[in-house]
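Work through the exercises below with the sequence and the model open. Try each task before reading its solution.

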Amino acid sequence: MERTNFVQKISCKSMVQLDFKVCLLLALSIPFARTKDNCTLNTTICLWKESTLQVDCSFRNLQVPPCFLEKSNITHLNLAHNRFDHVPDNLPQNLTWLDLSFNKLHQLINLNKYTKLNHLNIDKTQINVSFLSNMTGMSNVRYLSLKHNNCTQKDYPHGIFDGFMSLFHLRIDGCENGNFGDMFSYQKVETLKILDVSGSDGVCRVKSLTSHVFDKFNLTHLDLSLCDITNIEIGSLASQTHLQYLNMSYNSRLGFRGFGNISYDLQDSTIKVLRLVKIHCTFGLGTILLRNHTKYLNKTSLEELYLDSNRLEMIETGLITYNLPKSLKYLSVGDNKMDNGMYVLETRSLHNLQTLNVSFQIHSHNDYFDGCSDYTESCHNRPEVTAPTESIVKEMESDGVLKLRKPPIFTFYLPKNMHTLYANDMKLTYPVYELHFGHCNLKHIHFQNNFIFKFNGPVFGFHNITYIDASNNFCADISTQAFHGLPRLEILNFSQNLLGHSFERDSNGEILRKNGNLTVLNLHDNKITFLPRRVFRNNLRIKLLNISYNRMEKWTVDISHMYLLEHLDMSYNLLTELDEQAINLLPLHETFTINFLGNPLSCSCENTFFFEWMSRYHHSRFTHLENITCAYKNGSLLSLQDLSNIVQILQKDCSSYSLLIIVTSSVICLIFSLIVYRIIYRYRWKILYIYYLTKRVLFPELEKTKKRVNYEYDAFISYAEEDRSFVLNEIQRRMENYELKVCIHDRDFLPGIDIAENITNAIHNSRRIVFVMTSHFLKSHWCMFEFNMARMESIYSRRGENILLLILLEKNIVREMPMSLLHVIENESYLEFPDEGISQCMEIFRKNLKDAIKRN
């Protein structure tokens, strides 16, 4: 810093001539003497707005300001986020707006000279608020922000804002005792209307609000959010009869009992907006909102009420009807745990309600308990399931399968003036069938991030709906009448669902047939692989059509009738090109644009017409061309930014390909014919054998098959391990009593030999092959191997002799059989095992089995 000329010329000789005390005083004052601060001549470091007389020097790491001698008419100056340690004294004298926040100021004495200031921000500047009592030139300041400064005392210093006689909006940290009246020494503060003590962007340690704490003020806006307030005495807010906005949110230990005291104090006020978000802790038992909590709200003209994040599960019956004021226009109860109750029907009584937010019900938070103390108003006892509900559950689950039945049709009534409903992220898992709503003016529905997996509809009573967002609902099935009750629908967002199959089946455009006013249709990410030609035939007014992030390989949709279409987003599909037929299905007007970004376009001869078409319109019709590429035949990627060059390359490469294609095709056909002839000639004897074999199966009387007489076993029994007991008791033991020799793998297979070899040997050495058919048999790999080997034995080794015998042990086993087994049954080579307990039938079955095995 520069010294004054007078001080710089003081020397030891001159000091001798002065009084010793005066010299000592002057010497001690040298380190503290200063003139005007230095300034930097580099004015380009700031953003100058000449037309509005504003300068922005924030985030410049400055220690001294720019020189403003030539800019003395500047009224707005932003010096936030720099390194000033004091207020510069060479700023423009006409300043009315000054931001010194986020610096390291230690004193504010120089501010007194800027007497025209009416907006002052000194947030987080390390200033002790007690210094403000010395500010005598701040009588014009209407806005003052002091957040994040030193407020280490429990009380505010007395009279610190006496010099701010025009103060209208004050932002300050909250001291523990919260004696806001001590900030002013006079009895009534008429000018102050907005008081912001919120801890969301500052520090607030107010624990309790006592009665008469705001008696000096006549506020219209009061923000006490995030202050850790645990108690509000009755009368704390009673004096604020002109209060219009009150925010007590994020005082999580306040509870709904504090809500009751607040509503009592506000009954004579002009309150319009009341925010009580998260006045209960997020984690713990559910809460119930009682009529006592809102007893006096119906005496107010409240228009907006926010009760989000209060783990609210239930609302006492009658509260909405009798306690909430009919002036209410906006009600938000999002991020709670609300269940169905009578209060849902009571919303009809809120005649002026325009917006209702019930989003984020049953929303998942981190699973820990954060010390909620308001247990007396928690929902300890959950209502029991009534008898009819229990019977329904038993009926649905009696066979072990949950059956979704179409519910009865009810008519639901919403507030007649409500136009917006937010119901996002509610974890609703329902199929939507026919719904009826009483006449209402609902226009906007936000219903994304739920689980509405089926939408049958139709929905009646929503004739005024213009906007629906049902994205990310895992909806896989939508009927053709789902939207028929929404004739005024303009914006439909059904992105991030699974509607590919539903739209692929809609060949006549029935789904959107009655939505002629639709202007925006979003089907982004719906697993669509194909769209019928006429799927949008009834939608002439669409301006934006988004089918991006699907799996479409070809464009087959006729949208040429959409004369208002401005943009078609086909990005990130599987399109390699658009052929001439597909291009003719697009609109012709000049304002129409397309986005092909993210598609695997191919730079090949077949696509020459496509790229020639793109080249004609690429300046006006296609977006993001600089980021789109196509794959050339050598594997390189060519940017579509240079379309004309790509077209020239393709025309040159493909000019002489026609003759080559004809010759190549002829050669391929000739080679293929030679290969077929060679195969037929090589296997001519086997083909002839198959012919005679088929003839012998169809006409067995024409030729007698030679049969082998001597076999080691009379029958080989093929069965699943689960049916072993039946085979041993009913087949092996019985048949061996009839002097028949039976082979079973448990007893007769030779150890040390491969299983497959044992099977083929047993089949080859047995006269008959008996299969015990059960569901276990069909699932067994080795059982099916035995069956196929027996068929090969029958066809090739025994010249078509029918050696297979099937025992149907289970009644419905035929339904599960493959075609190869059904063929055996059609030849009548099977026995049905009779019902147990009928001895006569059992004897007949055993006799038939013995005869079938002995038959040569």
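**Exercise 1: a buried charged pair**

Solution. A salt bridge here is a side-chain nitrogen of Lys or Arg within 4 Å of a carboxyl oxygen of Asp or Glu. Strands (E, at least two residues) and helices (H or I, at least four) are DSSP runs, numbered from the N terminus. Now check burial: K147 and D196 are both buried. Buried means under 20% relative accessible area, exposed over 50%, partly exposed in between (1.4 Å probe, protein chains only).

Before going on, note the ground rules. This is a predicted model, where local features need pLDDT of at least 70 and side-chain atom pairs count only at pLDDT 80 or more, while totals for chains, interfaces and linings use all residues. Residues are numbered from 1 along each chain as its sequence is written, and side-chain values use heavy atoms, leaving out hydrogens and water.

**Exercise 2: two further pairs**

Task: the structure holds 19 salt bridges. Locate the one between D123 and R171, then the one between R846 and E730.

Solution. Start with D123 and R171, whose side chains meet at 3.3 Å, N to O. D123 is in the loop between β5 (119-121) and β6 (143-145) and R171 in strand β7 (residues 169-171), so this pair links parts 48 residues apart in sequence. D123 is buried at 9% relative accessibility; R171 is buried at 11%.

Next, take R846 and E730. Their closest N and O atoms are 3.2 Å apart. R846 belongs to helix α20 (residues 839-854) and E730 to helix α14 (residues 724-737), so the pair ties together parts 116 residues apart in sequence. R846 counts as buried at 8% relative accessibility, and E730 at 15%.

Finally, look for shared partners.

**Exercise 3: a covered strand**

Task: how many residues of strand β40 (residues 804-808) are buried, and which strands pair with β40?

Solution. First, burial: 5 of the 5 residues are buried. L804, L806 and L808 point one way, L805 and I807 the other.

Then the pairing, which requires at least two DSSP bridges between two strands. Strand β39 (residues 766-773) runs parallel to β40, joined by 5 bridges. There, V770 has L805 as its bridge partner. Strand β41 (residues 830-832) also pairs with β40 in the parallel sense, over 3 bridges. In β41, L831 stands opposite I807.
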